[in-house]
Amino acid sequence: MLGHTPHRTPLKRVSQGSLFALSRSGNNPDAPHGLGFIEPVMAELIDEVETLQANVEGLRNLSNSLKTFNESFASWLYVMDMNALTVDWPQAPTDASFRLAKRRREEIARLAEEAVLKAASAAPPPPDSEADKTTFTENQESETTYTTNATTRNASTSIAKSASTGIPKKKAKPKLTAKEKKERLLSLEKIVMSLPLEFRGSDPARGLRRNMESVIEFMMDNDGRGIKLIEIIRPPDLNQARVNKCLIALVNRKIVQKENSTGTVLYHWTGLS
């Protein structure tokens with residue numbers, strides 16, 4: 001019997017492009033022996049790997065920076081949200097504020113209308129032409145006596161009314177020359193420009209500047225005596241609320257001096273210092 005032949009794995013054929021064939025090729029007799037030719041290739045590989053590592057480190061740093069920014073920005077947004085939920089703003093107008101302002105406007109309009117009606121009812125009625133006419137009779141003395149008595153009664157009524165209200169009779173406004181008018185306009189402009197912004201505007205709907213100029217002119221024309229608030233009221237434009245507001249601004253600016261030592265509030269013109 002023939003002996004048993006042990007199994008042997010056949011040798012793998014060496015590839016023509018393998019490193020060993022390349023290193024042992026007769027076409028490249030100057031090639032380094034063994035794996036020596038791998039050294040420069042590995043050096044380039046190491047340089048590229050180091051560059052890759054540097055780039056990866058840069059990406060890692062950028063990721064860390066973005067993470068830090070995201071955390072900080074998220075914290076800031078959270079704080080703003082909590083601030084909006086927990087902090088009240090009492091000075092900001094609300095729906096109730098607008099409703100209150102509307103009611104105040106209606107109240108001011110109602111007071112102005114009442115002031116106009118009161119002024120109209122307080123005004124003396126127009127004289128009756130038929131009642132004032134005197135009948136020409138033969139007795140001229142009787143007619144003269146009747147007319148004198150009617151005049152005396154009217155004068156007594158006017159004096160009693162002035163004494164009861166305490167308002168002096170309005171004097172005729174002195175006429176100003178062109179130079180005095182120019183100086184008056186300059187003084188008015190200077191005084192108005194020293195007041196708060198709401199009195200310096202020219203909004204015709206509000207008319208605060210026009211009201212302020214009317215109050216200042218009245219105080220200038222009556223310089224030297226105390227003025228009561230009721231003397232300046234000229235409804236419907238210059239009602240009591242607007243006169244009071246203008247006088248408060250003038251007193252705060254120390255252009256007008258307020259006095260109540262006699263029990264009656266009087267305003268004295270001092271002018272712009």
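Glu 50 comes out as partly exposed, with a relative accessible area of 48%; here buried means under 20%, exposed over 50%, and partly exposed in between (1.4 Å probe, protein chains only). The areas themselves come from the Shrake-Rupley method with a 1.4 Å probe, and for residues only the protein chains shown count as cover. All of this is read off a predicted model, where local features need pLDDT of at least 70, side-chain atom pairs count only at pLDDT 80 or more, and totals for chains, interfaces and linings use all residues. Residues are numbered from 1 along each chain as its sequence is written, and side-chain values use heavy atoms, with hydrogens and water left out.

Glu 50 sits in helix α2, and together with Glu 44, Asp 47 and Glu 48 it makes up a patch of negative charge on the surface. A patch takes residues with over 30% relative accessible area and no salt bridge, joining like charges within 9 Å and nonpolar side chains (Val, Leu, Ile, Met, Phe, Trp, Tyr) within 5 Å. For the bookkeeping, Lys and Arg are positive and Asp and Glu negative, while His and the chain ends are not counted; each charge is placed at NZ of Lys, CZ of Arg, CG of Asp or CD of Glu.

Helix α2 covers residues 38-86 and also holds Phe 73. That Phe 73 is partly exposed, at 41% relative accessibility.

Starting at the N terminus, the order is α-α-α-α-α-α-α-α-α-α-β-β. Of the 273 residues in the protein chain, 14% count as buried.

Salt bridges come next: a side-chain nitrogen of Lys or Arg has to be within 4 Å of a carboxyl oxygen of Asp or Glu. The whole structure turns up 7 salt bridges. One of them joins Arg 184 and Asp 221 at 3.3 Å, N to O. Arg 184 is in helix α6 (residues 178-193) and Asp 221 in helix α8 (residues 208-221), so this pair ties together parts 37 residues apart in sequence. Arg 184 is buried at 16% relative accessibility, whereas Asp 221 is partly exposed at 28%.

Arg 209 and Glu 189 also meet in a salt bridge, at 2.7 Å, N to O. Arg 209 is buried at 17%, while Glu 189 is partly exposed at 36%. Arg 209 forms a salt bridge with Glu 213 too, with the closest N and O atoms 3.3 Å apart. Those two are 4 residues apart in helix α8, so about one helical turn separates them. Glu 213 is partly exposed, with 25% relative accessible area. Elsewhere, Glu 107, Arg 110 and Glu 114 are linked in a salt-bridge network.

As for the strands, β1 (residues 256-259) and β2 (residues 266-269) pair in the antiparallel sense over 4 bridges; pairing requires at least two DSSP bridges between two strands. Lys 258 has Tyr 267 in β2 as its bridge partner. The β1-β2 hairpin has 6 residues between the strands, and Gly 263 in this hairpin takes a positive phi near 95°.
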